[in-house]
Amino acid sequence: AVSRGDRFGDLVVAAVDRLEPRWGPHLPALDVEVHDVPPASATGVDGDVPLAAHRPARGDRPPVVVVYRRPVELRAPERPARVDLVRDLVAEQLAELLGLDPGELDPGYDA
């Protein structure tokens with residue numbers, strides 16, 4: 001039996017792998033993490049809960065993309081919508097790290 005967290009992690013890895021053939025040479029070494037929920041300090045002033053985040057490289061540490069599982073599952077309870085949302089979130093976070101538009105990074109990006 002595969003846990004929900006593992007299945008979600010597979011979605012995130014698939015979203016990154018999907019971009020690698022085109023952008024692999026341009027992507028820095030990158031850590032991708034899945035957290036269940038964002039830290040309380042990440043909640044916006046208006047109460048918005050983030051679905052994903054990123055941290056730029058620091059010293060010898062690579063940049064990190066984080067996708068928050070529970071908020072994404074609540075926003076997209078059906079698997080097809082969740083797959084699309086995870087792809088868009090990964091594209092947004094990577095695009096910001098690379099200084100690109102998400103549509104440039106992923107032609108399937110749905111703003």
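**View 1. Contacts of Val72 in the predicted model.** Leaving aside residues up to four places away in sequence, Val72 touches Phe8, Leu51, Val67, Arg82, Leu85, Val86 and Leu89. The structure shown is a predicted model.

**View 2. The largest nonpolar core.** This core holds 24 residues, among which Val67, Val72, Val86 and Val90 touch the most other members. At least two core residues are supplied by each of H1, E3 and H3. Helix H3 gives the largest share, eight residues. In soluble globular proteins, nonpolar side chains tend to be buried together.

**View 3. Helix H3 and the elements that cover its buried residues.** Helix H3 comprises 20 residues (residues 79-98), which at 1.5 Å a residue should span 28 Å; the end C-alpha atoms are 28 Å apart, in agreement with that expectation. Its buried residues are Arg82, Val83, Leu85, Val86, Asp88, Leu89, Val90, Ala91, Gln93, Leu94 and Ala95. The cover over these residues includes helix H1 (4-23), strand E2 (52-55), strand E3 (64-68), helix H2 (69-75) and helix H4 (102-105). Just after H3, Gly99 adopts a positive phi of about 70°.

**View 4. The surroundings of Gln93.** Gln93 lies in helix H3. Because its relative accessible area is 9%, under the 20% cut-off, Gln93 counts as buried. The side chain of Gln93 makes a polar contact with the side chain of His54 (2.7 Å). Not counting residues up to four places away in sequence, the residues touched by Gln93 are Ala52, Ala53, His54 and Val65.

Key. Residues are numbered from 1 along each chain as its sequence is written. This is a predicted model: local features need pLDDT of at least 70, side-chain atom pairs count only at pLDDT 80 or more; totals for chains, interfaces and linings use all residues. Side-chain values use heavy atoms; hydrogens and water are left out. Helices (H or I, at least four residues) and strands (E, at least two) are DSSP runs, numbered from the N terminus. The expected span of a helix is 1.5 Å times one less than its number of residues. Buried means under 20% relative accessible area, exposed over 50%, partly exposed in between (1.4 Å probe, protein chains only). Contact means heavy atoms within 4.5 Å. A polar contact is a pair of N or O atoms within 3.5 Å; within protein, one must be able to donate a hydrogen and the other to accept it, and residues adjacent in sequence count only if both atoms are side-chain atoms. A nonpolar core is a set of buried Ala, Val, Leu, Ile, Met, Phe, Trp, Tyr and Cys residues joined through side-chain atoms within 4.5 Å.
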